[in-house]
Amino acid sequence: MAGNSTPVIGFIGLGVMGGPMCRNMALKHAGEVVAFDMNDAAFAALADTKGHRAQSVAAVAALADVVFLSLPGGPQVEQVCTALTSGTRKPAVIVDLSTTTVASARNIAEVLKAKGVEFADAPVARTREAAQRGELSIMVGADDALFARVEPLLRYIGSDVTHCGRVGCGQVVKLINNALVFENTMALAEMMVLGERAGVQPAVLLDAVSKGSGDSFVLRNHGRKAMLPREFPDKSFSPEYVLKDISYVLELAEQTGVGTHVTQLAKRYYASTAQNGFSGRYFPAVIEVIYKNIGPAPADKA
């Protein structure tokens, strides 16, 4: 990435979000894009683009100037960063688009700094559809100089790129964003059940509330698209993923001495969701657990 030369982009992790992100980079970047994933089928995301497949993480390190990661969590990010920087040639910059703990991001940054590699945490928010459109929200933790270098590349995949502060601050904002979504979904589910028990049809309730101050992204998306039709598909963002992110939030809260009682309640609700028939399914299924926990509707009084 020296001077005005066009960097070679590496991308590791072509999953639900990584696939469309890498595709957008391959379509929009003027230079070379090389990708790696352990799943052969994942490379379909690069069909009809100039992006090409590397045979290993080491092969990415041998070619790329800046490498983007989209991986399940902190342990995988640490493992891949170690592999990327173990050879003779190392990328100049690694940008992690995954969701990890704040401590993990800051530890990785220190380890890589000692090897002469810069690191930014840049977790992404919004849906797979937003990823396909290149309209993600990206929260970046990096120093000012590194942010200036990577922001143009992040604009290939995000319509909103926010510099949140030093390394780790991207994860702080992402975890808070996710916690608010999970907690809002839980609260909306409870109110939908309450409204129905009190005689208001859920569709009417959501339509009316969406026109007032109770409107929210969660209502318009999770409420209308999942909880209203009671459709919770497999291979979506599951309660297990929710619990992973909540554990990261609670770890950060403990480290900073902040009480997070609402988040603790959310942890119990989503654990129950995972344990009562909705493991691996879309997390707004929490409404089914709330519905069952409330019990049968009371009989009408004479």
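**Ser104 and beyond**

A: Ser104 counts as buried, at 7% relative accessibility (buried is under 20% relative accessible area, exposed over 50%, partly exposed in between, with a 1.4 Å probe and protein chains only). This is a predicted model, where local features need pLDDT of at least 70, side-chain atom pairs count only at pLDDT 80 or more, and totals for chains, interfaces and linings use all residues. Residues are numbered from 1 along each chain as its sequence is written, and side-chain values use heavy atoms, leaving out hydrogens and water.

Q: OK, and where is Ser104 placed?
A: In helix 4, residues 102–114 (helices are DSSP runs of H or I, at least four residues, and strands are runs of E, at least two, numbered from the N terminus).

Q: Which residues is Ser104 in contact with, leaving aside neighbours within four places in sequence?
A: Gly74 and Glu78, where contact means heavy atoms within 4.5 Å.

Q: Switching topic: where is Ala54 found?
A: Ala54 sits in the loop between strand 3 (52–53) and helix 2 (57–63). Ala54 is buried, with a relative accessible area of 6%.

Q: And how far apart are Ala54 and Asp37 in space?
A: They are 8.4 Å apart, C-alpha to C-alpha, and 17 residues apart in sequence.

Q: Which residues touch the most other members of the largest nonpolar core?
A: Phe11, Phe68, Val95, Leu97, Ile138 and Leu154, out of 34 residues. Such a core is a set of buried Ala, Val, Leu, Ile, Met, Phe, Trp, Tyr and Cys residues joined through side-chain atoms within 4.5 Å.

Q: Which helix gives the most to this core?
A: Helix 6, with five residues.
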